[in-house]
Amino acid sequence: MEPAEIIPLPSGGRLRPWTEADVDTLVALANDRTIWRNMRDQFPHPYTPDNAVFFLNNLANNAELGIVRAIETAAGTVVGSVGIHFKNDVNRRSAEIGYWLGTAFWGSGLMTEAVRTLTDYAFSAFDLARIYGLVFAWNPASGRVLEKAGYMLEARLRDAITKDGETIDGLLYARLR
């Protein structure tokens, strides 16, 4: 099944594809050290227009990346990103969820709504047995997002993540079909 282009959110917003028109918004939201600190190293800081164009081109040319959507409020404001990344081989019925939200929108409930909605969509549209997310131990708010979206803490991966000069634990959350 092909992924839906637009996935409605219960609040009236939507999860929609990123477009070239989003470059300035993407840079304004993503060029934040606080966000970078909780992302994989492939997410650059500072985040420049060239980084945004590279990201958008990569999405357009690599369907195997999974489903990556801009989070848009009911008012039409893009506030962050959420994605499901499909695994392969013996892990082909698993996927990893990743997400980030502009700091001005933290605590609004938007990320929990986006994660829950995309997870429900992925389970209904694809033959997945599990979706998991890896949270940096210093970011308990991200773990709460997953818990509120129905994910359970499965494991503490000791000294599994090195970021910003520190090696910390990773918290593995999963939701099963």
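Predicted model: local features only at pLDDT ≥ 70, side-chain atom pairs only at ≥ 80, totals over all residues.
**Reading salt bridges, a helix face and a sheet**

Reader: With which residue does Glu166 form a salt bridge?

Author: Its partner is Arg37, the closest N and O atoms being 3.0 Å apart. Arg37 lies in the loop between helix 2 and helix 3 and Glu166 in strand 8, so the pair ties together parts that are 129 residues apart in sequence. Arg37 is also partly exposed, at 23% relative accessibility.

Reader: Which residue forms a salt bridge with Arg33?

Author: Asp164 does, with the closest N and O atoms 2.7 Å apart. Here, too, distant parts of the chain are linked: Asp164 belongs to the loop between strand 7 and strand 8, and Arg33 to helix 2, 131 residues apart.

Reader: How does one read the buried side of a helix, and which residues of helix 5 are buried?

Author: An α-helix has 3.6 residues a turn, so residues three or four places apart point the same way. In helix 5, Ser142, Gly143, Val145 and Leu146 are buried. They cover an arc of only 155° around the axis, which puts them on the same side of helix 5. Their cover includes strand 5, helix 4, strand 6 and strand 8.

Reader: In what order do the strands of the sheet lie?

Author: Strands of a sheet pair through backbone hydrogen bonds, either parallel or antiparallel. This open sheet of 8 strands has mixed pairing and the order 1-2-3-4-5-6-8-7. Strand 1 and strand 7 are its edge strands, each pairing on one side only.

Conventions. Residues numbered from 1 in each chain as written. Heavy atoms only, no water. Buried < 20%, exposed > 50% of the residue type's maximum accessible area, 1.4 Å probe, protein only. Helix = DSSP H or I, 4+ residues; strand = E, 2+ residues; numbered from the N terminus. Arc of directions from axis to C-beta. Contact = heavy atoms within 4.5 Å. Pairing = 2+ DSSP bridges. Salt bridge = Lys/Arg side-chain N within 4 Å of Asp/Glu carboxyl O.
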